[in-house]
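The sequence and model come first.

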Amino acid sequence: MFLHIDIDSFFASAERSVCHRLKGIPMCVGSRSNLEIFNKKRTHIRLMNDNSGAFVAPVFYSDKKKTFESYFVDEIEGRKKIRGIVTTASYEARVYGVKTAMPIAQALQLCPKLTVVPSNYPLYHKLSHQIHAFISAHIPQVEQYSIDEFFGDVSGWKKDEEVYAFAKELQAKILEHFDIPVSIGISKSKWIAKLATESAKPYGVYEVKDIDSYIENIPIKEFPGIGKGFQKRLEAHYISTLGDIKRHKRLFESWKKPGVQLYRRVTGTDQEGISSRGERKSIGISRTFDAIHESDEIKRRIMIMARHIIYMVMAMEVNPTSYYLRIGYEYGTRVKKTMTVDRVFSETLFKSMLSEMYKEIALANKGAVKLTLNVSNFASLNLKTLSLIDFHEDSKEKTLHQNIHALRARFGLDIIKTGNEF
């Protein structure tokens with residue numbers, strides 16, 4: 001039997017666990033694209049990447065205390081504008097229609113008494129890590145699926161008829177130990193257990209004993225892994241519920257491996273067990289902002305984001321050989337460029353390659369609103385042969401940048417910047 005343990009409104013629950021005055025009131029945790037990294041003054045930005053068990057993107061943060069005014073409110077030409085989006089809403093706030101990804105300004109219109117708390121990712125990562133360790137001490141096989149979700153396999157350890165009572169006991173222990181509520185789904189199938197958690201929320205336990213009857217009328221969009229694109233594909237075949245999927249076995253078999261895998265997961269015949277996540281195979285960073293038309297400023301921001309990528313690369317001790325740059329412009333225009341260089345990675349090399357890429361794809365007279373950088377294709381993972389022609393000089397550059405990395409790790413990522421960041 002599988003358990004799927006999902007922390008209820010995790011970020012909101014985390015804030016409530018350290019500030020009891022937030023309990024029982026409509027509140028939400030909000031965040032906004034961290035544009036602090038682009039400041040020309042030092043902000044003592046640091047990287048939080050020590051909770052690999054949470055399987056979430058590394059987070060850059062500063063120790064600067066956030067308030068609603070300082071974090072969410074911008075003053076433009078004498079007028080105040082509320083920025084940011086809802087990351088997690090409490091159930092009390094959801095009653096008013098407040099939802100994840102909703103602009104905070106809109107959420108406050110729907111619920112004027114809403115308390116908005118700035119995000120505190122170090123707290124969330126710390127709690128996620130602690131809860132993972134706690135669950136692992138109570139269940140032999142545990143998989144952390146996301147920062148707030150865990151799978152547990154109790155097959156051969158607990159009798160089927162004992163699992164529900166065990167889940168209730170575990171739920172109570174987590175609440176007592178962390179003051180964090182969780183909901184738990186139970187099934188003989190891993191993915192049906194995850195689906196069952198939705199039936200358990202908030203703070204409940206739901207066991208699926210008859211998979212066929214349970215899935216019959218559940219809309220396809222509710223199943224994990226069926227995105228909007230695939231929903232349209234299924235609806236073209238008049239498939240709107242999970243029960244419909246069960247009745248179209250031949251169709252899914254005709255779609256080969258992806259179709260067969262989805263069919264088995266939906267019908268609970270997948271026989272998938274607890275899995276361990278492999279090493280990260282790419283490193284990326286993305287930022288969204290108001291339109292910028294000045295080419296020099298766009299390039300400056302690319303170089304700053306590059307420094308953050310470089311720090312992560314050095315911290316992970318990998319050697320990426322593929323570099324990716326995407327620029328989102330106003331009105332939905334996007335341009336991108338990928339380059340692969342089989343050389344020893346260094347700050348000098350990466351920034352010079354990005355400069356070339358930017359020259360090739362920059363659009364004049366259009367305002368950039370989003371930048372995305374990514375590195376992948378790690379030489380250590382793919383056993384690539386690095387260029388011998390540049391190896392000696394590249395190795396010297398790497399040694400220099402390892403020393404710079406040590407300073408950034410100690411004093412903050414912005415203790416040392418290159419000239420093209422000003």
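**Cysteines**

Cys19 counts as partly exposed, at 22% relative accessibility; buried means under 20% relative accessible area, exposed over 50%, and partly exposed in between, with a 1.4 Å probe and protein chains only. The model is predicted: local features need pLDDT of at least 70 and side-chain atom pairs count only at pLDDT 80 or more, while totals for chains, interfaces and linings use all residues. Residues are numbered from 1 along each chain as its sequence is written, and side-chain values use heavy atoms, with hydrogens and water left out.

- The closest cysteine sulfur to that of Cys19 belongs to Cys28 and is 14 Å away, too far for a bond.
- Cys111 is likewise in no disulfide, its nearest cysteine sulfur being that of Cys28 at 8.7 Å.
- Cys111 is buried, at 1% relative accessibility.
- Zero disulfides are found in a search of the whole structure, a disulfide being a pair of cysteine sulfur atoms within 2.5 Å.

**Second largest pocket**

- The second largest pocket holds about 610 Å³ of space.
- A pocket is an open set of points on a 1 Å grid over the protein atoms alone, where a 1.4 Å probe fits, with protein on both sides within 12 Å along at least five of seven lines; lining residues have an atom within 4 Å of a point.
- Grid points are joined across faces, edges and corners, and the volume is the space filled by probe spheres set on them.
- Its lining has 24 residues, and Asp6, Arg94, Asp148, Glu198 and Lys201 lie nearest the centre.
- The lining divides into 10 charged, nine nonpolar and five polar residues; Asp, Glu, Lys and Arg count as charged, Ala, Val, Leu, Ile, Met, Phe, Trp, Tyr, Cys and Pro as nonpolar, and the others, Gly among them, as polar.
- At least two lining residues each come from strand E1 (2-7), helix H1 (10-18), strand E7 (85-89), helix H3 (91-94) and helix H7 (190-200).
- Helices (H or I, at least four residues) and strands (E, at least two) are DSSP runs, numbered from the N terminus.

**Ser13**

- Ser13 is found in helix H1 and is buried, with a relative accessible area of 7%.
- Beyond its neighbours within four places in sequence, Ser13 is in contact (heavy atoms within 4.5 Å) with Asp8, Asp179, Ile180 and Pro181.

**Helix H12**

- Helix H12 (residues 256-267) has 12 residues and reaches 16 Å from first to last C-alpha, close to the 16 Å expected; the expected span is 1.5 Å times one less than the number of residues.
- Gly259, Leu262, Tyr263, Arg265, Val266 and Thr267 are the buried residues of H12.
- These buried residues pack against H7, helix H8 (211-215), helix H9 (228-235), helix H10 (242-246) and helix H11 (249-254).
- Gly268 follows H12 and has a positive phi, near 75°.
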